[in-house]
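Hi everyone, thanks for coming. Let me put the structure up, and then I'll walk you through a few parts of it.

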Amino acid sequence: MKHPIRKLLSVSLAAVTALSMSVTAFADEPYNSYTYDNWDDAIPSQSAYRVEKTVTGAEMKLSKLRDPAGGCYVSDKAPLTLNDARDLSIDKAANEMWVADTKNNRILRLDLATLEVTGCYSGVSGSSVEGFAAPQGVFVTTSPSLGQQVVYVADTDNSRVVKATVSSSTQLSCVHEYTKPEEALYTAQTFNPKKVCVDVAENVYTVVSSVNSGSVQFSREGKFTGFYGANRVQVTAAVIAQRLWRMIASDEQLEGMTRNVPIEYANFDIDKDGFIFTVTEVDTDTDAVKKLNPAGYNIWNNAKGNEYKFGDLTGSQYDPLTKKSHVTRLTDLDISDTGLINVMDYETGRVFQYDKECNLICIFGAKTSTSDQRGTIANPNAVESHGERVYILDGSKNDITVFIETQFGKHIHQAFALYDEGRYTDAKEDWDQVVRRDGNYIQAYVGLGKAALNEERYSEALDYFKTAYDQEDYDKAYKYARDAFLKDHFTLIIIVIVVIIVFFIVKKMLNKRGIRILGFLKKKKQMVSVGSAAGISVNTFTQYKKDAEAEQEDQAEDEEEEEGK
Amino acid sequence: MYEFTPMGWLKHCVFHPVEGFEDLRWKKQGSMKIALVIVFLLFVNMVADRQLTGFQFNTAYVKVFNVVPLLVQSVVYFFTWVIANWALCTLFDGEGTLKKICIYSAYALVPYIVCSFISIFISNFIVEDERIWMTAIYYLGLIWSVVLMIQAMKAAHQYSFTKTIVSMIFTIVAMLLILFLAILLLSLFQQVYVFGYSIYTEIAYRIRG
């Protein structure tokens with residue numbers, strides 16, 4: 001112990017280093033954030049979301065289901081993990097999340113804050129069949145007619161949709177059952193509802209597998225009211241070729257031909273204004289994501305000259321993380337409380353977030369690679385959002401990944417919320433923050449430009465729109481800027497015009513009197529092409545020569561005169 | 001009759017679509033220098049169209065600026081036109097020489113170049129709603145040039161109207177052929193080069209041991 005102080009110092013230094021290292025060893029996101037620029041090129045961006053936690057059966061405290069004192073005892077053999085869960089639903093009023101735990105034939109109720117289990121339902125009392133069979137869809141809402149929480153379960157293998165109220169933490173009681181419509185219009189042999197969704201009037205919409213004419217719609221009383229919002233057939237070369245063959249084929253041949261039918265959509269969600277959003281899984285440009293009004297008409301119709309794009313824009317994209325090319329396969333979508341649209345891509349595990357006007361906000365999430373990193377997703381089955389969090393249900397890893405927005409994400413969302421309300425000036429501060437964190441964020445420049453335009457700072461607005469390469473808004477701003485310029489310089493412009501007119505009038509008057517202004521400009525016109533073979537030019541040539549001789553003679557005479565003097 | 005400076009002759013041809021080129025031919029006028037300047041201006045016009053069109057009308061991909069395609073679209077196309085037309089019309093009793101065709105074609109392009117310069121200029125001062133002015137001026141120049149081109153070819157070869165049109169259509173076909181062969185030749189030579197280069201590296205390695 002020669003140098004106890006030194007030793008102490010070195011130890012403490014080591015400790016400090018170790019501590020600071022553990023502090024700075026910040027877990028990076030398992031994905032690369034990117035966004036698309038105006039030319040549909042992917043450009044790097046900041047992360048708008050980071051992985052907060054992953055929640056498996058253990059974290060949900062599913063062991064409570066085996067504990068008689070736990071409050072929601074089911075049985076001693078209740079599975080302790082999720083098994084290929086297919087759907088999520090969030091009840092914002094009750095602060096609950098409901099999970100359709102498909103392969104375990106049950107529906108779970110979780111507390112939204114902690115994601116711990118508060119209820120488990122393997123069946124519904126008072127209905128034709130007691131137990132659930134592979135329920136793939138769940139939807140929770142507050143019923144306006146009953147005035148309490150109701151749960152809609154797409155009980156797939158039992159061919160029904162059940163509407164039930166919660167009576168205890170393990171008991172659901174049936175309100176109504178929606179079964180296979182016995183009507184001529186419904187032509188499918190089976191009725192296997194996969195997803196379910198309910199509007200304010202308590203009409204029930206359900207996506208049924210192998211029904212491609214839209215979702216099946218029921219009234220509250222359970223009457224089949226038709227199909228809603230069918231997709232269109234995507235026009236491909238094969239479809240056109242078949243259309244041509246059909247024109248010349250005989251009846252027998254026609255029978256043998258396959259029909260071109262639209263692709264059924266994979267999932268849907270309803271926003272608070274009652275618009276139903278659908279998403280179609282198979283790579284399709286025609287109806288990837290639709291916003292349907294109550295009549296079933298797609299508001300986001302690309303055929304009307306707009307261009308709504310969803311998912312990865314390059315079609316098939318190489319991902320360095322998984323070392324393979326992906327084809328976008330949009331599987332689920334969610335409308336957040338503030339109207340943002342989260343679209344889940346099954347193929348890449350990415351969530352594409354859009355604002356109300358379909359502007360891309362951010363892209364986050366990643367598929368599980370060989371190194372099974374926390375926060376990556378193997379089989380993303382459902383996406384839901386609440387407040388600043390986005391939940392992704394993984395059907396293969398049997399967990400829920402919770403994403404929480406970063407500071408950057410917070411600024412974007414605030415800015416977009418204000419921007420979409422038209423409060424451009426209020427959004428300025430947030431856009432500034434966004435630009436400070438990511439100078440490539442195009443929408444920020446559009447936002448700042450619109451703010452500048454609102455405040456009548458035109459040249460600044462033009463600059464912003466140019467940076468964002470937003471030609472449409474630039475055009476608008478330019479119109480105002482030009483009007484303002486003309487207004488400001490009106491007198492000067494008039495004076496200049498008057499001066500020019502006066503100049504020409506004066507010139508004309510002077511011309512009449514034989515005085516030429518700017519005459520030197522026209523002098524050269526008199527030149528003659530010497531090499532011309534035409535006689536007239538020879539004449540002028542000789543004329544010119546004569547003139548020259550005459551001049552020489554004159555000069556000679558002058559000289560003689562001078563000599564004479 | 002007419003006596004003009006070379007520039008005066010150009011003006012005469014442009015503003016007298018019906019007999020301008022006939023006069024030009026009759027008087028054995030037309031300057032190669034001016035023709036080459038016009039072709040160069042055509043190229044400048046291409047560049048200006050891409051770079052100087054008003055922001056709200058400019059659809060060019062601004063991340064990359066490559067002058068080669070513009071050069072090909074102006075100068076190379078023009079000379080291919082001249083050569084193709086000469087090659088074709090020599091076979092079909094055309095009286096035009098290569099030089100004549102070059103000069104006359106260049107003169108015929110003047111309205112197009114001038115009008116697109118004007119439309120590029122005004123595109124900086126108008127908004128989307130007034131695009132019609134830009135388009136109108138551009139097409140005015142284009143149609144005027146097409147009319148002049150027909151007259152120019154008619155005068156150069158002393159063809160009837162129908163024969164001129166037919167010869168011009170076939171000229172375009174011939175142009176495509178020439179360009180196709182040129183590309184073919186280019187890729188062939190590239191392969192020859194690669195072949196030569198690989199022989200060179202092979203020998204170089206052997207010599208080094």
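So, which residue just after helix 9 of chain A takes a positive phi? That's A:G514, with a phi of about 90°.

Quick housekeeping. This is a predicted model, where local features need pLDDT of at least 70, side-chain atom pairs count only at pLDDT 80 or more, and totals for chains, interfaces and linings use all residues. Residues are numbered from 1 along each chain as its sequence is written, while chains are lettered from A and ligands numbered from 1 in the order in which they are written.

Okay, the overall picture. Chain A has 10 helices and 27 strands; those are DSSP runs numbered from the N terminus, helices being H or I with at least four residues and strands E with at least two. Of the 565 residues in chain A, 36% are buried, and buried here says that 20 or more other C-beta atoms, placed from the backbone, lie within 10 Å of the residue's own.

Back to helix 9. It covers residues 490-512 of chain A, and its 23 residues reach 34 Å from first C-alpha to last. That's close to the 33 Å expected at 1.5 Å a residue, the expected span being 1.5 Å times one less than the number of residues. The number buried in helix 9 is 0, so the helix lies largely in the open.

Last stop: an open sheet of 3 strands in chain A, in the order 16-17-18, paired antiparallel. Strands 16 (267-270) and 18 (289-292) stand at the edges with a single partner strand each, so one side of each has no neighbour in the sheet.

Technical notes. Pairing = 2+ DSSP bridges. Buried ≥ 20, exposed ≤ 12 C-beta atoms within 10 Å, placed from the backbone.
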